[in-house]
Amino acid sequence: MNFFEREYLRRNQRLRIYMETSKKTSVNIVKAYQRYLKLQRGYSANTLDAYVRDLQKLMDYLEREDKQLLEVELEDLQHFAAGLHDIGIHPRSQCRILSGVRSFFRFLQLDGYRDDDPSELLESPVLGEHLPEVLSPDEVDALENSIDRSKWEGQRNRAIIEVLFSCGLRVSELVNLKLTDLYMEEQYVRVMGKGLKERLVPISPKAIKELDLWFEDRKHMDIKPGEEDFVFLNRRGAHLTRTMILIMIKQQAVDAGITKTISPHTLRHSFATALLEGGADLRAIQAMLGHESIGTTEIYTHIDMSTLRQQILEHHPRNMR
């Protein structure tokens with residue numbers, strides 16, 4: 001082996017060692033970021049998984065481009081963002097992924113891994129205004145009335161739908177709702193929301209009635225150890241999952257003849273819209289929904305205006321034929 005061949009092998013070996021060290025460093029940084037999201041930001045396991053899953057897309061891109069994490073520049077992130085568009089990822093998903101990327105690089109700067117934040121000028125795609133589907137109280141009643149109460153889970157499902165609509169809970173908050181969170185005489189529930197933030201939400205007499213009927217059925221269940229405090233259980237005596245509730249609500253929409261595309265979150269939107277239409281203050285709605293920013297709550301003013309516009313078109317004498 002001559003000098004040039006030995007030198008070539010030494011360089012390749014140094015490069016491999018450098019790449020392996022950089023990869024280990026990146027893995028450790030991502031783990032530190034996960035700890036930051038969990039311990040300092042208080043994110044739930046589901047939110048944490050979503051952030052890490054989106055971040056992995058960036059890590060895979062950097063590995064393909066042989067780019068080291070701590071050497072990333074704005075141009076690299078712009079190419080990554082363009083790649084998301086090229087492979088057909090929906091603009092709303094692009095925005096979510098890039099928001100996570102910006103969060104990650106802010107962490108790198110705050111924790112001293114980098115002196116700068118290359119994502120500071122990273123732009124997201126412009127989204128058109130999207131108004132979520134909502135159900136009227138009559139449609140919620142139709143949803144509940146379509147349930148076959150002769151089945152063991154019938155009353156449970158009625159209580160689930162009514163609590164989602166009456167309290168505006170996220171589905172993750174509903175599946176984690178505990179008996180010790182219910183204050184039936186005082187007519188409110190304690191909810192642990194995003195970022196482990198606690199809030200108190202009034203609960204309607206109708207929701208209390210549906211819960212009381214469910215608790216009569218629940219008394220006869222064989223409940224698994226450790227699951228005794230969960231409000232809603234499956235037939236095996238364990239607490240429900242978000243997917244189970246999603247499937248149930250979609251099936252009930254079919255049974256009720258509701259053609260709108262709905263999910264458990266639709267009932268949360270419907271709760272907020274009904275409050276706004278009834279004259280509730282936007283700040284009060286923000287508190288009950290557990291929104292950190294009033295800007296998130298303001299989408300319901302657009303829904304209300306859409307409803308108002310439709311009412312004007314249908315009932316104003318100048319529009320009637």
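**A tour of salt bridges and a helix pair**

Start by selecting Glu144: at 1% relative accessibility it counts as buried (buried is under 20% relative accessible area, exposed over 50%, partly exposed in between, with a 1.4 Å probe and protein chains only). You're looking at a predicted model, where local features need pLDDT of at least 70, side-chain atom pairs count only at pLDDT 80 or more, and totals for chains, interfaces and linings use all residues. Residues are numbered from 1 along each chain as its sequence is written, and side-chain values use heavy atoms, leaving out hydrogens and water.

Lys206 sits in helix 8 (residues 205–218) and Glu144 in helix 5 (residues 137–145), so the pair ties together parts 62 residues apart in sequence. Helices here are DSSP runs of H or I, at least four residues, numbered from the N terminus. Lys206 is partly exposed, at 34%.

Next, pick Glu216 and Lys219, another salt bridge at 3.1 Å, N to O. Then select Arg158, Glu162 and Glu210 along with Glu144 and Lys206: salt bridges that share partners join them into one network.

Last stop: helix 10 (residues 264–277) and helix 11 (residues 282–289). Their axes (lines fitted to C-alpha atoms over the stretch in contact, with angles from 0 to 180 degrees between N-to-C directions) come within 10 Å and cross at roughly 155°. That makes the two helices roughly antiparallel (angles over 145 degrees).

Terms used:
Angles under 35 degrees count as roughly parallel, over 145 as roughly antiparallel, 65 to 115 as roughly perpendicular and the rest as oblique. A salt bridge is a side-chain nitrogen of Lys or Arg within 4 Å of a carboxyl oxygen of Asp or Glu.
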